[in-house]
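Subject: Structure handover

Hello,

Here is the structure I said I would pass on. My notes follow it.

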Amino acid sequence: MGPRLPTRAWIALAGVALALVPLAKPPAFYESFLYLVFHWVVLATSWNILSGYSGYFSFGHGAFFGAGMYTTATLAGQFGVPFLWTLPVAALVAALFGMGIGAVVFRVGRLRGELFALLTLAVTFVLATVVLNTPIDGGQGVNLGGVKLPAILPTPSATFYILALALAVLTLYIAYEIRRSRLGLGLFAIHDDEDVAEVMGVPTFRYKIVAFGVSCALAGVAGGIHAMFVSYVTVGETFSIIVPLTVVLMSVLGGTRHWLGPAAGAAVITVLLYLFTAGDYAIAGRAAVGLILIVVILFLPGGMLGRYAGRAAGRPVARGVAPPAGVEPVRGGVAPAAPPAPAGEPLLAVRGLSQSFKGLRALDGVDLDVRRGEILGLVGPNGSGKSTLINLVSGHYRCDGGRVRFGGRDLAGAEAHRIARAGIARTYQIPRPFQHLTVLQNVALTARFGRDALDRESAEREALHWLEFTGLAAKANDLPADLNLHQRKFLELARALASRPELLLLDEVLSGLTPSEIDDAIRTIRAIRDRGATIVFVEHVMRAVMELTDRIVVLNHGRVIAEGLPAEVMGRAEVVTAYLGKPRA
């Protein structure tokens, strides 16, 4: 067999083939029907760019579609602007409207899930009320019957057909390119675990804003074309709840994790609704669509194309086959070459670090130094503040007070993705992989968003190296759910290493492992150290702490109570008391 045709070429060929349909001079009805198919393809696919890829489920797509409709209706119908010139403005108005909303709501961590969906639904009704009670509409609607349609093709139906087709092809191309880009990878990481994605280097706020803007702009153009198609624009029809609900149904039916899924769902539902409407069973048609959706959710939760979506974005190695032995990363070593810290200055310096949770003091003025090239053990009883310290240094939490200097830079209060780009990586005590990305994609993500921001091929090469290093190369194509606890712990480690950190924060990587698995992990960590890594090692397995660490810092009740060499510190009375309690008489 010859080489496969690239997906971009298939999209272009399909567009060219469909563009030839008007040459056959079909009845206007068929061109208008195909226009509606392409119209819904655009709306469903554009909705999916934010809501399907990132998981921010929006019921407000009708608002951005309506913003585009009324922009074209106002400019063309009231100010005489040529129709085609209104479409870029419709895209811009819808995009700015959506990005303005996103700039506010994406900053509020609580506005996720159901709250985000409800907020976007409310935006639709707010915009409808504003339009209805201003000269934009005034309650009378906007008539476009006198606006001249450009003669792109000989008939109006053919012109609308070609406009909708061009926009549908463009929308599918954009959805495909985003799906396989750094932006798409970041959006899918946000979908699975936004907090971890940010800590791994994904600029989550910026990516959500960009995705929202693209999604709204495409919906705005679709609205502008549709305003001319219906020729009479009213608030009741434009801002109907039917628009966002239909878009959601189409996307879920086709599969939200595949770039082509919403288009497939749009085509199926549009055809079904027409068949039922043509037979005077419009209500039965909507019921049938709802029944089909229930069946899909129960038996095909990923949609019609869900089985092709999970691993489509990568170029995985053959299932069950490890990459060649000795696969080298793009540049050797755990961390890339970096200017050494000034003489006498530690790589990481924590001063007066404090953190409270609803009145509970988790850290109380902690001072801590980590020297370049050492393994610092951070120990203490449960609740002493060890994981909180890791969370603050990595940016998972914002600290209440104190300073965190890394390589001479003050990182206190910095966004987590900037901390990751500075050269700090971490693991989680309870593994938190991105569940819908393969093992290879999980590790490649940090290589793409780490301090060197590698390109796709280099990131996958780096990921394969660290998977081989941690013994997970044969699992490269598997999803994290297919791994046992030991393997998920090592996936966390490989993911952290792939970002090429200067400082590696290991948060209880040995917890839950068997003695033999602990031995494997100790050997692996020692090998990492031999490559010149600087490590903060948080652990309760004291055998590993004593074998691996150069120094130990002991926390208790959020304060440092001891610091020094392992054998010396662990024998101090205050440390024994912290672990075992005060002896009784």
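Helices (H or I, at least four residues) and strands (E, at least two) are taken as DSSP runs and numbered from the N terminus. The model is predicted, with local features requiring pLDDT of at least 70 and side-chain atom pairs counted only at pLDDT 80 or more, while totals for chains, interfaces and linings use all residues. Residues are numbered from 1 along each chain as its sequence is written, and side-chain values use heavy atoms, with hydrogens and water left out.

Surface patch

V295 lies in helix α12, and so does L291, the helix covering residues 282–299. Both residues belong to a nonpolar surface patch of about 640 Å², together with I294, L298, F299 and L300. A patch takes residues with over 30% relative accessible area and no salt bridge, joining nonpolar side chains (Val, Leu, Ile, Met, Phe, Trp, Tyr) within 5 Å and like charges within 9 Å. Areas come from the Shrake-Rupley method with a 1.4 Å probe, and for residues only the protein chains shown count as cover.

For single residues, buried means under 20% relative accessible area, exposed over 50%, and partly exposed in between (1.4 Å probe, protein chains only). L291 is exposed at 54%, and V295 is partly exposed at 40%. The C-alpha atom of V295 is 41 Å from that of A498, a residue 203 positions away along the chain.

Salt bridges

Side chains of opposite charge can pair when their charged atoms come close. The rule used here is a side-chain nitrogen of Lys or Arg within 4 Å of a carboxyl oxygen of Asp or Glu. It gives 25 salt bridges.

- D364 and R559 form a salt bridge with an N to O distance of 2.7 Å. This pair links distant parts of the chain, 195 residues apart: D364 is in strand β4 (residues 360–370) and R559 in strand β12 (residues 559–564). D364 is partly exposed at 26% relative accessibility, and R559 is partly exposed at 49%.
- K475 and D478 form a salt bridge at 4.0 Å, N to O. D478 is buried, with a relative accessible area of 10%, whereas K475 is partly exposed at 26%.
- E568 and R572 form a salt bridge, with their closest N and O atoms 2.9 Å apart. R572 is partly exposed at 25%, and E568 is partly exposed at 45%.
- D519, R526, R543 and E547 are linked in a network of salt bridges.

Regards
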